[in-house]
Amino acid sequence: MKCLIIRLIILTFLLIPLTSEFILAQSKSILWFDRPAEYFEETTVLGNGKTGASVFGGVISEKIFLNDATLWAGEPVNAYMNPDAHKNIPFIREALEIEDYKLADQLNKNIQGKFSESFAPLGTLILEFEHQGICENYYRELDISNAISKVSFTMNGIDYSREYFISNPDQVMVIKISSSKKGSLSFNVKFQSLLKFSNAAHDGIFKINGYAPYHAEPDYRGNMPDAVVFDENRGMRFSTFIKVKNDGGQIVVCDSAIHVNGANEAILFISIATSFNGFDKDPVKYGLDNQDLASNQLNQAYSKTYESLKEKHIKDYQNFFNRVKLDLDDNNIPDLPTDERLKRYTEGESDKNLEVLYFQYGRYLLISSSRTEGVPANLQGIWNPYLRPPWSSNYTMNINTQENYWLAECANLTEMHMPFFSFIGNIAQTGKVTAKTFYGVSKGWAACHNSDIWAMSNPVGDFGKGDPMWACWNMSGAWSVTHLWEHYLYTGDKAFLKNTAYPLMKGASEFCLLWLMMDKQGYLVTAPSTSPENVYLTPEGYVGSTLYGATSDIAMIRECLEQTIKASRLLDVDVSFQDSMIYAVKHLYPYQIGIEGNLQEWYYDWQDADPGHRHQSHLYGLYPGHQITPAKTPELSEACRKTLEIKGDETTGWSKGWRINLWARLRDGNRAYKLFRELLSYVDPDGAKNIAYTGGGGTYPNLLDAHPPFQIDGNFGGAAGVVEMLLQSTDEELYLLPALPDAWPSGSVQGICARGGFELSIKWKNGMLEGVEVISKTGNTCSLNYMNKKIVFDTIKGGVYSFDSGLNKAN
């Protein structure tokens, strides 16, 4: 019998007087809904940094999408796929020299290799319940303060509840199913997958074993032969082992399902493992024993009580989540389901606790998706139901992968940054081959637009079929290594700098030095060059992408070289190499201001074919870089402002996340906040992969970012933007409330971090600083700035320093 769900939401603000004694303030840590999810974009997502789950919360039939961060299509990449590609570079440069840009675009297609592989869906866990009747009092929530999801409802006078979490310490997903009446729980546990798999029952365990395709084409290539290719002797292996611990009733495990009959309570243990054993290891020949891993995880967890598993899970998670607190002194708002709350906010109503929830949700998502060595959060984090997901759910490294980690250090989640660092180490290995074979550069390493779990570093395009505007770009190595330097600035970890960061930074810098060439004016530029995914319009009317010296290239190289210079000085190494970098920095093509007062994106003052384009890579020096600031480079800052005004505010989700940070760096808190509000615009879920490139960005009912479709970088960029409005820092200065919007007149934040190794708690009232507490993690000298006030003071490691509104020491 199909269950009729009665929506019992009482719209308090319509049915009772609007007095404070009746209105309930919205939670800062709970997403809740009054009905099951119909679409993925309405689910509650859970993760332990490796295993991911998207919970629909159905009444009669529960559906849970499962993922594993290490389950991808493909196998180790052949980095030597196009060994003679570099021989085309001189011809492209000749075409550029004679200003034949059409020919340059055509020739640039020869500098292409294979596409990346895709992040795979593991499968769908299905719970089919036998209870029937009319469903009442339905409630579904995700509490991000403890990373636990719940579902509850009443049927025929019986209260049913479910509790879900995924434990990092015990590496299992646990589901507790309860009812208020003994013997009233009867259900079946089944599994489905788009991958190849088989089921079997063994010793009371429902065992699913399968494998992913060894190749999956990007979805944007459309229908084509062999788009997804399986071979039982190739591809990643996976295991999902499920066991039920029951209180009362009976359990029967067969090859197709688990049957639970007449139980009082049931606890499901789901253990997942893959054969992934590193980016360079064949997952069949040299893979891990996924069945043994899944079995061990399951047996160890099953031997423990539910309470102990839950307690350990919460303690582990809250060790990270509880570090930061944000309060925006919200007025009371009607207590509405999160989707209704988001709609209300989109219509212009105030809901500061929703803004706090969105910020903390970004931190929750990073904790939940980025705790696996060598496997950073991808375009969809770790939540993907598609065999050919949007943009392969890969590592898109011309902005998106980096944006995923903008909040890691400043929002006090430095441990979540580590998977990206180890991934950079992996891609540097294949990148050495890419540098030589694609670009003719004998030293260092390069990486390009797309990558995957196999650390693919080559330019994509299927060997000449891709448009150079997105396929032919090679600066992601230079960009990515800046994250290594940032980690050092925030933590002061000199061992990390010496052993991990500097070798990778040096390799990226070596490539940059040898890739640069002298232009006709005596400046160093890149050639061939593109500006990520954008195209120019020449005075003659040609629309193209290949040129020399794109502003973004030069900005990223400048940032990379300057940071590597600082690192080598700190470590007192490579003096002659320092000199080479210093020379190059001095001779890089300088920023140019166009006739419209904008910062030029191209070497010449050419028009953009799409002035409102979602990418703003040429503003890299403003954010996330540190080359352009209102105080030190006012003219360039104004040119950045003009560029953003020309682009406008309507764009995709991730691009809005970037623009929030750009406006904050320009010290325009109100414009940053305007974009923040627009990022939280309600977007209808439709369960489809419909892609919008020019606008429509916002937030789905479950607060996941809408590009559209779902793409997680907007969540992370938006969360980072909140910190950027409240605190900015360089390796020398800290700026308090630098872009505080008028909409946040009073509030407080605790636990956010600054470069130099500091953790801060800040309180403000009526738009003015009330006080600040500084914890020194490294013992560095601290320079605090607020408006026209500045104080410089020495610190000791672990010292706590408090100041009032005038930056005077507080007792």
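**Figure 1. Packing of helix α5 against α7.** Helix α5 (residues 306-321) and α7 pack with their axes 10 Å apart and at an angle of about 125 degrees. Axes are lines fitted to C-alpha atoms, for helices over the stretch in contact, and angles run from 0 to 180 degrees between N-to-C directions. The angle makes α5 oblique to α7; angles under 35 degrees count as roughly parallel, over 145 as roughly antiparallel, 65 to 115 as roughly perpendicular and the rest as oblique. The crossing of α5 past α7 is right-handed. A crossing is called right-handed if the near helix is turned clockwise from the far one by less than a right angle, and left-handed if anticlockwise. On the α5 side the contact (heavy atoms within 4.5 Å) involves Y317, F320 and F321, which meet Q360, R363, Y364 and I367 of α7. By class these are 5 nonpolar, 1 polar and 1 charged residues. Ala, Val, Leu, Ile, Met, Phe, Trp, Tyr, Cys and Pro count as nonpolar, Asp, Glu, Lys and Arg as charged, and the others, Gly among them, as polar.

The model is predicted: local features need pLDDT of at least 70, side-chain atom pairs count only at pLDDT 80 or more, and totals for chains, interfaces and linings use all residues. Residues are numbered from 1 along each chain as its sequence is written, and side-chain values use heavy atoms, with hydrogens and water left out.

**Figure 2. The whole chain, for orientation.** The secondary structure comes to 19 helices and 37 strands; helices (H or I, at least four residues) and strands (E, at least two) are DSSP runs, numbered from the N terminus. The C-alpha trace spans about 85 × 65 × 50 Å along its principal axes. Of the 811 residues, 63% count as buried; buried means under 20% relative accessible area, exposed over 50%, and partly exposed in between (1.4 Å probe, protein chains only). Among contacts with a separation of 6 or more, 69% are between residues 24 or more positions apart.

**Figure 3. The pair α12 and α13.** Helix α12 (residues 476-491) and helix α13 (residues 494-515) have axes 9 Å apart and pack at an angle of about 155 degrees. The two helices are therefore roughly antiparallel to each other, and their crossing is left-handed. From α12 the contact takes G477, A478, V481, L484, W485, H487 and Y488, and from α13 it takes K494, F496, L497, A501, L504, M505, A508 and C512. The residues of this contact divide into 12 nonpolar, 2 polar and 1 charged.

**Figure 4. The pair α17 and α18.** The axes of helix α17 (residues 653-665) and helix α18 (residues 669-679) cross at roughly 165 degrees and come within 8 Å. That makes α17 roughly antiparallel to α18. The crossing of α17 and α18 is left-handed. G653, K656, G657, R659, I660, W663 and A664 of α17 meet R671, A672, L675, F676, E678 and L679 of α18. The contact of α17 with α18 has 7 nonpolar, 2 polar and 4 charged residues.

**Figure 5. Surroundings of Q171.** Q171 is in the loop between β9 (158-167) and β10 (172-179). With a relative accessible area of 21%, Q171 is partly exposed. Leaving aside residues up to four places away in sequence, Q171 touches N48, K50, S271 and Q297. The C-alpha atoms of Q171 and Y364 are 18 Å apart, and the two residues are 193 apart in sequence. Y364 is also one of the α7 residues that meet α5.

Figure 6. The bond joining H707 and P708 is cis, with omega about -10 degrees. The peptide bond from P708 to P709 is cis as well, with omega near 5 degrees. P708 is in the loop between β29 (705-706) and α19 (713-726), and P709 lies in the loop between β29 and α19.

Figure 7. D226, a residue other than glycine, has a positive phi near 55 degrees. D226 lies in the loop between β14 (215-216) and β15 (228-229) and counts as exposed at 59% relative accessibility. S393 is not a glycine either, and its phi is positive at about 45 degrees. The loop between α7 (352-369) and β21 (395-396) holds S393, which is buried with a relative accessible area of 0%.
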